[in-house]
Amino acid sequence: MNPLFMCMFRTSQLSFTLLAFALFSASPVVNAAQTDHSLNFSGTSLLKVNDYDVLYSAPVGPYTNKENRLMAPLRSVSELLGAKVEYNLKSQEAIINWKKDKIMFYKGKDMYELNGETVQMDSYPEVKQNSFIIPLGVLLRAMDIPFEYKNNKVVLQNESFNQSKVLQHVTELDWGRNNILDNNSILDVRDFKLIAKTNSSGELEGNLTVSALNRSGSAIKEGKEDLHEIFVFNQTLNMDADQASVDIPDRKRPKIEKGSSVSRSISFLTIKDPLQYVLVAGRTIKTKDELK
């Protein structure tokens with residue numbers, strides 16, 4: 001991946017509604033559709049890596065298929081965790097170099113190779129837009145990565161993931177991390193809708209709406225909410241600003257009652273730079289008075 005450069009922005013609208021926990025108890029299902037010029041994804045967050053929910057990882061993002069299996073793009077998810085991935089378009093095979101292991105997946109074969117040894121699978125990799133899409137559980141077993149299933153999503157937790165090229169840039173530029181008050185689990189990222197299209201000028205313009213549930217067991221005071229959206233493109237990184245500046249005012253951070261949800265809608269625009277990831281952190285931060 002090319003070096004990332006950051007553009008901080010705040011073009012958003014924030015609202016919050018009181019929703020019963022039961023609204024989020026159904027099995028998560030994501031409907032995904034994409035053409036060469038548009039993105040249209042909606043559903044429930046299904047994957048969290050360290051502090052960040054992964055709502056989109058090119059080209060399709062995590063989703064559940066008809067067999068209710070969690071599917072994910074092999075390359076973008078592997079690279080998010082720190083692996084090196086090669087894809088041979090002609091032979092349609094993917095090679096993952098992870099720590100000391102070499103893992104090979106093949107189109108149309110219900111097996112993969114781990115350091116030359118054949119491992120049987122109960123499914124076949126799909127290929128979408130020249131990317132392998134496989135059950136996430138198969139990928140995690142191949143890479144020997146433990147996971148936890150919590151709040152209807154797969155949670156991967158290891159500080160080594162922050163050393164991947166993607167998360168290293170994100171964590172270095174995410175200044176709000178210095179003011180975090182919780183362990184990124186109090187605001188549980190839930191429903192989202194991502195829409196984007198390429199306009200006549202070649203710019204990708206879109207909007208992300210995301211909601212998170214207050215799981216703290218008590219009300220979150222006004223000024224502490226930080227539902228934080230991050231858009232990782234091929235060469236740039238757009239991130240919501242957590243601190244006011246001369247040209248960026250503080251945004252409203254409403255009080256969130258116990259068991260209620262908060263929702264944010266934010267727009268983005270980039271010039272001829274493909275979207276690679278959409279990450280969201282649900283957390284609380286110190287207020288301006290607490291920072292003094």
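Predicted model: local features only at pLDDT ≥ 70, side-chain atom pairs only at ≥ 80, totals over all residues.
Reader: What makes Asp226 and Arg253 a salt bridge?

Author: Their side chains meet at 3.2 Å, N to O. The rule asks for a side-chain nitrogen of Lys or Arg within 4 Å of a carboxyl oxygen of Asp or Glu, so the pair qualifies. Asp226 lies in strand S20 and Arg253 in the loop between strand S21 (236-240) and S22, so the bridge ties together parts 27 residues apart in sequence. Helices (H or I, at least four residues) and strands (E, at least two) are DSSP runs, numbered from the N terminus.

Reader: How many salt bridges does that rule give?

Author: The count comes to 14. One of them joins the side chains of Arg283 and Asp174 at 2.9 Å, N to O. Arg283 is in strand S23 (residues 275-284) and Asp174 in the loop between helix H3 (165-173) and strand S18 (187-198), so this bridge links parts 109 residues apart in sequence. Both Arg283 and Asp174 are buried. There's a network too: salt bridges link Asp174, Glu225, Asp226, Arg251, Arg253 and Arg283.

Reader: Why are Glu257 and Lys255 called partly exposed?

Author: Glu257 has 37% relative accessibility, so it counts as partly exposed. Lys255 comes out at 41%, which puts Lys255 in that category as well. Their side chains also meet in a salt bridge, at 3.6 Å, N to O.

Reader: How do you know which category Glu229 belongs to, buried or exposed?

Author: Its relative accessibility is 0%, so Glu229 counts as buried. Glu229 lies in strand S20 (residues 225-233).

Reader: What makes the pairing of Glu229 and Arg264 a polar contact?

Author: Their side chains come to 3.1 Å. A polar contact is a pair of N or O atoms within 3.5 Å; within protein, one must be able to donate a hydrogen and the other to accept it, and residues adjacent in sequence count only if both atoms are side-chain atoms. Leaving aside neighbours within four places in sequence, Glu229 is in contact (heavy atoms within 4.5 Å) with residues including Leu208, Asn238, Arg264 and Leu279.

Reader: Why is the pair of Phe231 and Phe268 called tilted?

Author: The ring centres are 4.5 Å apart, with 35° between the planes. Rings of Phe, Tyr and Trp (its six-membered ring) pair if their centres lie within 6.5 Å; planes under 30 degrees apart count as stacked, over 60 as edge-to-face and the rest as tilted, so tilted it is. Phe231 is in strand S20 and Phe268 in strand S22 (residues 261-271), 37 residues apart. Phe231 has 0% relative accessibility, so Phe231 counts as buried, and Phe268, at 5%, is buried as well. Phe231, Phe233 and Phe268 form one aromatic cluster.

Reader: How do you know which residues touch the most others in the largest nonpolar core?

Author: A nonpolar core is a set of buried Ala, Val, Leu, Ile, Met, Phe, Trp, Tyr and Cys residues joined through side-chain atoms within 4.5 Å. Of the 43 residues in the largest one, those touching the most other members include Val49, Leu74, Phe105 and Leu279. Helix H2 (residues 136-142) supplies the largest share of this core, five residues. Apart from it lies another core, of 29 residues, among them Leu55 and Leu187.

Reader: And what makes Glu117 exposed?

Author: Its relative accessible area is 56%, so Glu117 counts as exposed. Glu117 lies in strand S13 (residues 117-120).

Note on methods: Residues numbered from 1 in each chain as written. Heavy atoms only, no water. Buried < 20%, exposed > 50% of the residue type's maximum accessible area, 1.4 Å probe, protein only.
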